[in-house]
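Here's a quick briefing to read with the model open beside you. It goes through helix packing, then aromatic pairs, then a few local backbone features.

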Amino acid sequence: MQGEILENIRALGVLLSDMHKPYMMPAAMAQPDVKIPEPRISLFVVILCKLLARLYLFLFYGVARVVLRGEKYLFEAFKRALEGKSRCIIAFRHPNGGEPQLLAWFFLFKLRRLAARAGVKFPRFPHAVFIYGYEVVRWGGWAVRYVMPNVGAMPIHHSKVDSKGMARIYKAITDGPYPLALAPEGQVSYTTESVPRLEQGAVRIGFHAADRLAKSGSDIPIEILPVAVHARFGPWGKLTLAFLIKKIEKFTCVGKEAKKLPLSQRFKASRDHILAVNEKRYHLKSDPEMPFEERLDAVIDAAMVSAEHILGVKSEGELFARMYYLRQICWDRMILPGVNSLDNLTGVERGSADLLAGEAWHASRHLEVVDFSWYFRVPLPADDAPLHYVVEYSQNLWDFASRTMGGAYANRISIFPRRVIIQAAPVINLTERLPSYHEDKKAAIGKAMQDLMDSYQYCIDEVNRTE
């Protein structure tokens, strides 16, 4: 009898272990709004960050060491800004997701000491005020909601009018005393070796602030400081990379015989399987003779239309504008703006809100495919590609699988450990360009955008040259 019971328990354990477990659990209930206080700088939170941030950066992003390049540009721009002789906008690249946390920690706790070694003294502790999207505190959890407002970070809506947020940003630029930091890529771009796209927000904000200062009689210039963040890996990175590749091939059922092939062909086998799953999902014809990028573009279009269909939105306009607009709708249905409590809703109202939240969650899964796939239109790494490029492609290949299964950025996998290079470039003085801005705003903004793009390419070239 006892043996029979043990055998049944063992059988039940095998059954449970073999059951399919959903990769992501759908949102089934609407939630009240997320409230965050007005941005301020709390000494207590700064001290807390000093104690915990380094461990956080290692555990979540694998940051083992940080190296600064182009330090002269960074030191001088910070010194002018902290002395009140300029207003600085730090335009940082955002390829991996952890750049704001890394740079905030570096500016607060490392920059002053490094500058002092170079003979540069700041009049106050260096710090930067970061801009982030409201969605970050919605998905980021209680720790993000507590820390970000208390280190001065300022939220902004991507795709709806936010006059309060914009007024806060302009005040931070024109009044100082700290530089403002934002990512002109608009979101995570998943690649460090190229710059797929830039949004005009940083340049437009900078020109507008420069114009306001000039009209007030101030001769303080507005400067944009381009900064890029790169990573390099050693033997331990190779080991964790091997685990990630094994995980990808497990999820894509790449057979043992494929593991004898060159790495690029193994990547191709996994990539093509994930693409075919997406094509089947969106009822697209799978043609292996077509270029990967063309097939992926068809998936992107189909995923966008699917999300718009769920939300009842007409398909029109530029891709990213559509995506940001739909993303805003999804968040506003899952976390109800301006609603402090759902207790006052009738049963029917609450049930309807929950249904809308569930539909928005499923629509946002299609948007996750759009968001990532647009950036994944890159060639396979060559068999002799540098390790950091292979690492980045592996992370992105996992992301491709993850988004296909309903995942999001939060499911991205970091490779440990990594040596991080912060590369700065010469500043772009927007105040000097005000005459051309007044003459032709579109042309002046376009020229500044091209100069910013060239600055990022300079950073890429410098890191590859020195490393």
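Helix α14 (residues 347-373) packs against helix α15 (residues 387-404) at an angle of about 160 degrees, with the two axes 9 Å apart. That makes α14 and α15 roughly antiparallel to each other, where angles over 145 degrees count as roughly antiparallel, under 35 as roughly parallel, 65 to 115 as roughly perpendicular and the rest as oblique. This is a predicted model, so to speak of a local feature pLDDT has to be at least 70, side-chain atom pairs count only at pLDDT 80 or more, and totals for chains, interfaces and linings use all residues. Residues are numbered from 1 along each chain as its sequence is written, and side-chain values use heavy atoms, with hydrogens and water left out.

**The α14/α15 contact**

- The crossing of α14 and α15 is left-handed (the near helix is turned anticlockwise from the far one by less than a right angle; clockwise would be right-handed).
- On the α14 side the contact (heavy atoms within 4.5 Å) uses E368, V369, D371, F372 and S373, and on the α15 side N396, D399, F400 and R403.
- Sorted by type, the residues of this α14 and α15 contact are three nonpolar, two polar and four charged; Ala, Val, Leu, Ile, Met, Phe, Trp, Tyr, Cys and Pro count as nonpolar, Asp, Glu, Lys and Arg as charged, and the others, Gly among them, as polar.
- The axes are lines fitted to C-alpha atoms, for helices over the stretch in contact, and the angles run from 0 to 180 degrees between N-to-C directions.
- Helices (H or I, at least four residues) and strands (E, at least two) are DSSP runs, numbered from the N terminus.
- H388 also sits in α15, and at 12% relative accessibility H388 counts as buried (buried is under 20% relative accessible area, exposed over 50%, partly exposed in between, with a 1.4 Å probe and protein chains only).
- Leaving aside residues up to four places away in sequence, H388 touches E193, A231, R232, F233 and N464.

**α13 and its two partners**

- α13 and α14 pack at about 150 degrees with their axes 8 Å apart, which makes α13 roughly antiparallel to α14.
- The α13 and α14 crossing is left-handed.
- From α13, the residues L319, M323, L326, R327, C330, R333 and M334 meet a set in α14 that includes A353, L356, W361 and L367.
- That contact of α13 with α14 divides into 13 nonpolar, one polar and four charged residues.
- Helix α12 (residues 292-311) packs on helix α13 (residues 319-334) at about 40 degrees, with the axes 11 Å apart, so α12 and α13 are oblique to each other.
- α12 passes α13 in a left-handed crossing.
- Among the residues making the α12 and α13 contact are I300, M304 and L311 of α12 and L319, L326 and I329 of α13.
- The α12 and α13 contact has 10 nonpolar, no polar and three charged residues.

**Aromatic pairs**

- The whole structure holds 23 aromatic pairs, a pair being rings of Phe, Tyr and Trp (its six-membered ring) with centres within 6.5 Å; planes under 30 degrees apart count as stacked, over 60 as edge-to-face and the rest as tilted.
- The ring centres of F78 and F107 are 5.0 Å apart with the planes at 55 degrees, so this pair is tilted.
- F78 is in helix α3 (residues 71-82) and F107 in helix α4 (residues 99-109), so the pair links distant parts of the chain, 29 residues apart.
- F78 is buried at 0% relative accessible area, and F107 counts as buried at 1%.
- Ring pairs also link a cluster that includes Y190, F267, F372, W374 and F400.

**Backbone features**

- G176 and P177 are joined by a cis peptide bond with omega about 5 degrees, and P177 is in the loop between α8 (163-175) and β5 (180-182).
- C253, a residue other than glycine, has a positive phi near 55 degrees and is exposed at 67% relative accessible area.
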